Amino acid sequence: MSNQTNIDQLVTRLSRVENIRDDMNSKITHLGNLNSELNKKLDKIKQKEKEILIKIETEKKKIDFELKLKSVEIEKKRKELAEYELSIKTLYKEKTIGFPWYAEAVAEFIALKDGKVADFLVTKKRPSEKSAELVRTISKEKNDLVKQLVIANKMVKYYEYLFPFLTEFRDADIDDLLLAVLEDKKNEATESDDPVKTYITEGEYQKLTTTERNQKALDRYVSSFTKSNARIGKDYERYVGHLYEQQGYKVKYQGIEGGFEDLGRDLICKKGNKVLIVQCKYWASHKLIHEKHINQLFGTTVKYFIENVLGKSYSLNLAYSLDVIRLGDIKPVIYTSTKLSETARSFANALSVEIFENQPMKPYPMIKCHISKLTGDKIYHLPFDQQYDRTIIDADGEFYAMTVKEAEDKGFRRAWKWLGNK
């Protein structure tokens with residue numbers, strides 16, 4: 001092999017080495033660029049990590065601060081609750097012994113005033129020992145009466161708080177209440193005389209036919225302007241009860257039959273498994289139904305649930321009773337001629353009390369035409385007859401009539417043992 005050939009081979013090898021070196025340099029440069037980009041990304045990651053740590057620390061401080069505030073608030077509420085419980089215990093203790101602290105304070109104030117009068121009578125220019133002694137004697141007697149009066153007033157307010165329906169009679173005329181009670185007692189008496197005579201004269205009674213005098217008595221009963229508030233309330237309960245009877249409910253007129261013992265259940269309406277506990281309020285439009293009436297209605301509904309579903313010996317699960325009431329098996333209903341206060345409406349919504357507001361009493365057929373299950377006798381009852389509210393219209397052939405003639409044309413007679421003139 002010649003020298004020239006060796007030189008050519010050497011040049012070729014050197015050329016390859018140069019190419020390899022250039023390639024290596026290019027790769028080294030590329031790796032340097034990659035390393036630079038990697039360092040930039042690492043810097044960004046570190047910056048992001050720093051920002052996250054700062055944010056976590058900020059949130060942690062915020063949460064710690066809120067927890068401290070909550071802790072302070074809880075402690076404050078705990079103290080308020082303890083003070084409230086102490087106040088309740090104090091009030092309960094005072095209530096059980098007749099509110100003496102209040103009665104004593106009022107009596108002492110009056111005694112102080114009377115004492116000043118007595119002192120004046122003794123120390124004036126012309127003293128009057130006898131008059132001063134008389135003032136002291138009268139003052140002592142008056143103090144005793146004041147104590148009794150204050151205690152009585154407080155007890156009345158306490159009973160009104162427990163039984164809100166009592167407030168309805170606060171402004172009632174005592175004569176109206178007495179008349180209502182006497183009328184109820186009269187209706188409970190034996191049928192010795194026809195109650196129709198309450199609404200027509202003796203002359204009309206003798207002159208008119210049975211149909212005419214019964215109708216005239218009914219007309220005067222409906223249009224009478226001298227009805228007591230208690231009587232109007234009773235008529236409203238009958239009206240609402242009739243509305244539910246028209247919907248297929250069997251209605252018990254608990255308020256009319258039970259009187260003050262109705263526990264706020266004016267009507268108990270049943271249809272299948274569904275029970276409605278209805279409270280009726282026929283009030284003037286300027287008066288509002290307040291939350292205490294809603295609470296009483298809900299409470300008496302729960303009581304009905306305990307006594308009639310769970311049984312008196314059952315240990316009540318309140319949450320279960322609320323679920324049953326909300327599901328509609330037993331539902332409290334307020335039916336009124338006026339409207340609810342906003343607070344009462346909120347309570348009603350929270351307790352699932354059904355509301356019927358601004359519901360006036362409209363004309364409706366009031367004569368109950370009933371068929372005796374024992375004898376098959378067809379008998380009609382007027383609103384002032386003794387068995388009117390105990391008579392349930394729920395059988396075939398029974399109905400409500402608008403007029404006496406309508407009832408008699410269908411073969412029904414008055415619910416009395418005698419028929420009188422024809």
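I located methionine 24 in helix H1, which covers residues 3-96. The model I consulted is a predicted one.

I then searched for nonpolar surface patches and noted one formed by Ile20, Met24 and Ile28. Together these residues present about 310 Å² of accessible area.

Is aspartate 194 buried or exposed? I found a relative accessibility of 3%, so I record aspartate 194 as buried, the limit being under 20%. I also checked its side chain for polar contacts: a polar atom there lies 3.0 Å from the backbone nitrogen of valine 196.

I traced E8 (residues 367-371) and E9 (residues 378-381) and found them paired in the antiparallel sense, over 4 bridges. Which residue of E9 is the bridge partner of isoleucine 371? I identified lysine 378. The hairpin of E8 and E9 has 6 residues between the strands, and there I noted glycine 376 with a positive phi near 80°. I next followed E9 to strand E11 (residues 413-414); the two run parallel and are joined by 2 bridges. Opposite isoleucine 379 I recorded arginine 413, in E11.

Key: Residues numbered from 1 in each chain as written. Predicted model: local features only at pLDDT ≥ 70, side-chain atom pairs only at ≥ 80, totals over all residues. Heavy atoms only, no water. Buried < 20%, exposed > 50% of the residue type's maximum accessible area, 1.4 Å probe, protein only. Polar contact = N/O pair within 3.5 Å; in protein donor to acceptor, adjacent residues only side chain to side chain. Patch = residues over 30% accessible without salt bridge, like charges linked within 9 Å, V, L, I, M, F, W, Y side chains within 5 Å. Areas by Shrake-Rupley, 256 points an atom, 1.4 Å probe, with all protein chains shown as cover. Salt bridge = Lys/Arg side-chain N within 4 Å of Asp/Glu carboxyl O. Pairing = 2+ DSSP bridges.
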